[in-house]
Each structure stands twice: as C-alpha cells, then as structure tokens.
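Here is a short report on one protein model. Please have the sequence and the structure open as you read.

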Amino acid sequence: MRSTPQIEWTLAFQEDVAEVFHFLEYQYCSESQKNKLWEKLNRTQEKPALFPGVGIHIDNREYTRAYRRVRMGSTYYIFYEVDVFAEKVILHRLLAQVRNYEVLIREAVAEYVDVD
C-alpha cells in the first residue's frame with residue numbers, strides 16, 4: 001500500500017453520519033459539540049488509513065467481506081474493510097455500540113415466507 005490509502009465512505013456510512021448529526025440537532029446540541037464530534041470522526045477514520053490492521057476483525061462466516069471494527073469515543077463503532085489492491089479503506093457503517101450491529105451490517109437480502 002502507498003503511505004496513506006484513500007478513505008472511501010459507502011452510502012450507508014454517509015447515511016449513518018447524517019443520522020447522528022440529525023440526532024444532535026434534535027437534542028439541541030451546541031455547534032461546538034457537533035464540531036467536536038466531527039473532529040473525532042475525522043481522527044478516527046484516519047486510524048485505519050494509517051494502520052489498516054488497527055481494528056478488531058469481525059469473524060463471522062455470514063459476511064463475504066473482511067470487516068474490522070474500530071471504536072470512536074465511548075459511543076460509536078466504525079465498521080470498515082481494507083482493499084489492499086485498490087489501496088483504500090472503505091468505511092461501511094457508523095453505529096452506536098448499544099445497537100445490534102450484526103443485524104445492521106448483514107449482507108444477505110432478507111427473505112420472507114408467506115405462512116398462509
């Protein structure tokens with residue numbers, strides 16, 4: 001890999017970031033609090049770019065991707081994967097630690113069966 005791989009945000013990651021900042025708006029957080037979180041997000045997303053193996057590997061046979069997880073403060077996890085060939089780090093999800101992230105990063109499409 002080159003010295004610093006490119007960082008790519010998936011659409012899901014962008015939506016997660018927007019959801020977090022929408023929640024902060026709803027909670028009437030100050031601009032300084034939102035700026036603090038934005039700076040923390042920027043610092044945290046640089047970690048996997050500088051040290052791709054820094055995150056905890058998610059060992060789950062259901063996933064076709066090699067997801068890693070890195071903590072952002074005491075509230076959020078960033079889920080990412082490292083694409084060595086394209087020399088980039090792909091950020092997939094930004095999720096609160098209390099959420100059931102295994103359901104939220106599921107890759108398979110849900111199938112519903114009619115029980116009639």
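## Val70 and its surroundings

Start with Val70. Leaving aside residues up to four places away in sequence, Val70 touches Thr44, Pro48, Gly55, Tyr76, Tyr77, Ile78 and Tyr80. Val70 sits in strand β3. Val70 counts as buried because its relative accessibility is 8%, under the 20% cut-off. Val70 and Gly55 are 15 residues apart in sequence, yet their C-alpha atoms lie 4.6 Å apart in space.

## Model and confidence

This is a predicted model. The mean pLDDT of the protein is 79, and 80% of its residues reach 70 or more. The highest mean, 90, belongs to β1. The lowest, 60, belongs to helix α3, residues 101-104.

## Overall layout

The protein has three helices and five strands. From the N terminus, the order is β-α-α-β-β-β-β-α. There are 116 residues, and 34% of them count as buried.

Among contacts with a separation of 6 or more, 51% join residues 24 or more positions apart. The accessible surface comes to about 8100 Å². Carbon and sulfur atoms account for 51% of that surface.

## Helix α1

Helix α1 covers residues 11-26. Its 16 residues should span 22 Å at 1.5 Å a residue, and the end C-alpha atoms are 22 Å apart, so the two values agree.

Which residues of α1 are buried? They are Phe13, Asp16, Val17, Val20 and Leu24. Seen down the axis of α1, these buried residues fall within an arc of 95°, so they line one face of the helix. Their cover includes β1 (6-9), α2 (31-50), β4 (76-83) and β5 (88-96). The face turned away from the buried side carries the exposed residues Leu11, His22 and Tyr26. Tyr28 follows α1 and has a positive phi, near 55°.

## Helix α2

Helix α2 has 20 residues, which should span 28 Å at 1.5 Å a residue. Its end C-alpha atoms are 29 Å apart, which agrees.

The buried residues of α2 are Lys34, Leu37, Leu41, Thr44, Gln45, Pro48 and Ala49. They cover an arc of only 150° around the axis, so they sit on the same side of α2. These buried residues pack against β1, α1, β3, β4 and β5. On the face turned away from the buried side, α2 carries the exposed residues Ser32 and Lys36.

Why does Gln45 count as buried? Its relative accessible area is 10%, and buried means under 20%. Not counting residues up to four places away in sequence, Gln45 touches Ile7, Trp9 and Leu91.

## Nonpolar cores

Which members of the largest nonpolar core touch the most other members? Of its 16 residues, they are Phe13, Met72, Tyr76, Ile78 and Leu94. Each of α1, α2, β3 (68-72), β4 and β5 supplies at least two residues of this core. Apart from this core lies another, of six residues, among them Ile58, Tyr67, Phe79 and Leu95.

With residues up to four places away in sequence left out, Ile78 touches Phe13, Leu41, Thr44, Arg68, Arg69, Val70, Met72, Leu91, Arg93 and Leu94. Phe13 is one of the buried residues of α1. Leu41 and Thr44 are among the buried residues of α2. Thr44 also touches Val70.

## The β4-β5 loop

Glu87 is found in the loop between β4 and β5. Is Glu87 buried, exposed or partly exposed? With a relative accessible area of 26%, Glu87 is partly exposed, because that class runs between 20% and 50%.

Glu87 has a positive phi of about 55°, although it is not a glycine. Glu87 and Thr4 are 83 residues apart along the chain. Their C-alpha atoms are separated by 8.4 Å.

How values were computed. Residues are numbered from 1 along each chain as its sequence is written. This is a predicted model: local features need pLDDT of at least 70, side-chain atom pairs count only at pLDDT 80 or more; totals for chains, interfaces and linings use all residues. Side-chain values use heavy atoms; hydrogens and water are left out. Helices (H or I, at least four residues) and strands (E, at least two) are DSSP runs, numbered from the N terminus. Buried means under 20% relative accessible area, exposed over 50%, partly exposed in between (1.4 Å probe, protein chains only). Contact means heavy atoms within 4.5 Å. Accessible areas come from the Shrake-Rupley method with a 1.4 Å probe; for residues, only the protein chains shown count as cover. The expected span of a helix is 1.5 Å times one less than its number of residues. The arc is that of the directions from the helix axis to the C-beta atoms. pLDDT is the predictor's confidence in each residue, from 0 to 100. A nonpolar core is a set of buried Ala, Val, Leu, Ile, Met, Phe, Trp, Tyr and Cys residues joined through side-chain atoms within 4.5 Å.
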